[in-house]
Amino acid sequence: RSWWGWPRLGHGGGADARPLGMAGELGAAQRFTLIGCAHEVIGPIVRGDFVLASANHGKPAYKKTTLSNGLEVLIYFWDERDGAGASGWWIGPQIGGNMVWGHHPNRSTSTPPTSGWQAPHSGPPDATIVLSPAGAVGSAVGGYCGGASAGGPMSTFGHGSAAATFAAALPQNDAVRATIQARLEAQRQSQFSQMEETRRRMLEANQLRAMEMSKQQEMAMQRQQEMRRFQQEQMAQVAIRMMVQKIRNATPENFDVLKEELAQTLASQFDRCGAQKALLQEESDNALNQAAKRIEDIREQRARAEEARREAERSRQEAAEKARRLLAELSELADGLEESVRGLQAGAAEFAQQSGAGTEEEAGRAGEPVERLIQAATERVSTCQEFSKAHTADLRALPVAAPRPPGASSQEAGEEPSLQLLQKVQLRITASKHLLDTEAKGFRASLERIRKRAAAARDMQRYLSVFSKYDKDADGMLNKTEIMQYAQGEFQFAIPEPALEKIFHAIAGGGAGVREADFHRLAVAVGIAREHVRDLERRRLREDRERALAAQKAEAQAKIDELAARIKAVEAEIAEASRQSRALVVEGKALTSAEMLAKAEEAETGFKAITEKASEVVSAAQSFGAGTEVDDVLQAWFEVEKQKLRTASAGVESQSQRAAAALEKAKTEAAKKEASEVKDLASKVVLALKAHQTSNSLTADALFEAIASEGAEGFGPDRLAAFVRGLPSSGEGEAPALSEDDLHRAFAGLDEDRAGVVSRAAFAEVMMVLMKVVKDVAITTGLAIKGATTVRRLEIGEVVQVLEGPIKEEQTEVMRIRAKVMEDGVEGWVTVAGNQGSEFLTQGAYLRVLKDTILTEGFDLDAGKDEARKVKELTRKLKPGELLELRGWAKKQEETGLTRTKVRAKSDGMVGYVTTIGNTGIKFVEVA
């Protein structure tokens, strides 16, 4: 096809070769403008300038130079990979995206078509949409018109050689030639009409675009004017608010100036504030009122502060005047103190010059005047100190003295009452007290020396009188006999002969006796001899005591060693018993429960004897030393040894407890094994009984009557053993291969109430067969499925009791049972399993504990006070997660509102009643 869609005539290249684009497409243009689009929403999005951006599916893709509502606008091609309906040229925000605004179904063009676009994509073509290369929106139309006027419609084929070539190509036959020319003329006329229509649409689009641009410019100018007005309003508002803030922070000094500035600012800026005028007027008025009130408050505060300052100054002056008076009084007291101390110095000096009195009493009387002076001075010191302490706070009001002029003395500066003067007075008092203490100490030392001299003279006189007392022969010496008398009379000491000889020889030498001048040496020697004799006696007593203590300690040690040996022996026996108990737990896996129980009982008997022995040893250790008197020297050692024995005995107790725990574990394991074996034996018997019941179509009551004696309401182990032994040896319900002892043990498994007989009700509970629904199934009125009526549907988790069956249903060949639903008591027939293997019911039904509860022996929980202790002893705590085997139907206790049922604990086989639902609706157990 030619550029304008006309069939190209002739062949060859040159000036009339094929152009870059097909007629009605963009061609090689890399930039174009989309104009038009009558859709009021899509038009503003797609209109604008586009540039070549990329390629898709082998053809160019274009992107709008500006965003529309934050989105890109793309024109791209999509081939037929998603079907012909999804191919063609598309306008959208993303290549291949789900959102599109326009579509052109042409798949043959290499570049976007210039017209014929649909917007929206599902609507009819919009004739106003035109894609024009950049700069060609007007020139294309003008060129076309110029061509038409110059050469008519034929000018569309160009000029010169192109026209000549076209004319030469026409056939020479006139008729054919005329037909072709007529057809060509019609085609040219049609093309001319189309071009005229295109030009018209382009002119209209240009006008719309010009009008839109003019409107946008006008709106932009309006926005600029609004912005300038808004900025002016903002500036005016900010200026006024800044002045309002200054007014709020005004002080009494600048309030009037700021008030004037606010008035000027309002005068110049208020009219520019726009809609904020009323608000700003209110803010400025409030700020002025508040500032005026605050300024008034500040002035009142300042006045009050000034009045307080003046009052404080008056008080300070009054305090200072009082302090000056007190300082004067304290200074007078200090003067009196100094005068008293000077008097004391004179009196002490006069006393010190005395030669000393003859006796202690005379020395004391001579010092009494000085003592009175000391007492007087001490009282003055106390007076000064008490006065200073009582008026410390008042004296602090004294002013600080002004600095003294350089070179001026205190007298020249005129010493005024001040804190410095107070310090000087206090220093005078302190110095006087120090001087008083020094003088008093010196005086009393002198008085003490004088008294000591008088006492020494008196003692010497008395000492010499003793010498004269024992100098019987008045020869001025003491002989040996007189020395012995002296020692006995003054020291009550019979001096030994060797000691007398040694003393006499050392003091008298070769003389006839001890002279008066050596009498003091004799007194010392006699005292030494006496202490020597006493030391010998003390040594003898100490050695005797040590021997007695050693004997007492040895006796106690023997008892301690004997008791310690007993403790060790008992510990060894307990350790061996503990080892045997632990070994029994391990060995018990290979023993029967009877053998294990026998060994456990044997071990328990031996352990009881060991325990009694251990108790005796522990008691002896704990009471050791009670009532035993021990010397104080051995008391600490004895307490340590007693504590050792107590500690060892405590170890015996702990070992004994561990051994008892090991034995108890062994007994527990044996009991568990016994319970397990009994349970297995009982299960075998029950299976045989159930098989016999099924094969003979017996009810539980009929089977019970067959076992029990006629008219009996229970049967014992002998009746059970006899009945089981009488079962057939083969086929359904055959007798299990059990001994007589095993059958009696199996009876214990059936006798869950431990009554010695199995009652009719208890037998019914044991023989009760329960099944749990594992898949929704219907319960119907008859064995045959066809024609039976559905009673209701059983939901997963429900429990049913088997009353009859299982029996095979003939038509479907499925096993069915007659059952009773535990929840509501409905009875009917239920399919156990489908003929395709689907399982609807499973054997057994257990309850799982949800919350902590108790298992009680009886159904009722409202026991009286007399039975409360018994009920407590017969209960067992149930923890969440424990499994309970159903033994009966749930019933509601009227008195308490609790729903309770009989169960058997799977862990230990204990049978009792448990609360399933509380009186507030809380569930304690659920079907596992």
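The legends below describe several close-up views of a predicted model.

Figure 1. Of its 928 residues, 34% count as buried. When contacts between residues at least 6 apart in sequence are considered, 57% of them join residues at least 24 apart.

**Figure 2. The stacked aromatic pair of F32 and F50.** The structure holds 15 aromatic pairs, and one of them joins F32 and F50 in a stacked arrangement, with 5.3 Å from centre to centre and 5° between the planes. Because F32 belongs to strand β1 (residues 31–35) and F50 to strand β2 (residues 48–56), the pair ties together parts that are 18 residues apart in sequence. F32 counts as buried, at 0% relative accessibility, and F50 is likewise buried, with a relative accessible area of 0%.

**Figure 3. The tilted aromatic pair of F704 and F763.** Here the rings of F704 and F763 form an aromatic pair that is tilted, with their centres 5.8 Å apart and an angle of 50° between the planes. This pair links distant parts of the chain, since F704 is in helix α15 (residues 700–707) and F763 is in helix α18 (residues 760–767), 59 residues apart. F704 counts as buried at 0% relative accessibility, and F763 is buried with a relative accessible area of 2%.

**Figure 4. An aromatic cluster, and two lysines placed over rings.** Five residues, F467, Y470, Y486, F491 and F519, form one aromatic cluster. Elsewhere in the model, rings are found with a lysine over them: K480 lies over the face of F504, at 5.4 Å from the ring centre, and the charged end of K906 sits over the ring of Y846, 5.0 Å from its centre.

Figure 5. Leaving aside residues up to four places away in sequence, E25 touches T109, S110, T111, P112, P113 and T114.

Figure 6. E197 forms a salt bridge with R200, in which the closest N and O atoms are 2.2 Å apart. Because E197 and R200 are three residues apart in helix α4 (residues 174–248), about one helical turn separates them. E197 counts as partly exposed at 31% relative accessibility, and R200 also counts as partly exposed, at 36%. The side chains of E639 and K642 meet in another salt bridge, at 3.3 Å from N to O. Since E639 and K642 are three residues apart in helix α14, they too are separated by about one helical turn. An α-helix has 3.6 residues a turn, so residues three or four places apart point the same way. E639 is partly exposed, with a relative accessible area of 35%, whereas K642 is buried, with a relative accessible area of 10%.

**Figure 7. A network of salt bridges that includes R530 and E531.** The residues R530, E531, R534, D535 and R538 are linked in a network of salt bridges. Within this group, the side chains of R530 and E531 meet in a salt bridge at 4.0 Å, N to O. E531 is partly exposed, with a relative accessible area of 31%.

Key. Residues numbered from 1 in each chain as written. Predicted model: local features only at pLDDT ≥ 70, side-chain atom pairs only at ≥ 80, totals over all residues. Heavy atoms only, no water. Phe/Tyr/Trp six-rings, centres within 6.5 Å; stacked < 30°, edge-to-face > 60°. Helix = DSSP H or I, 4+ residues; strand = E, 2+ residues; numbered from the N terminus. Buried < 20%, exposed > 50% of the residue type's maximum accessible area, 1.4 Å probe, protein only. Lys NZ or Arg CZ within 6 Å of the ring centre and 35° of its normal. Contact = heavy atoms within 4.5 Å.
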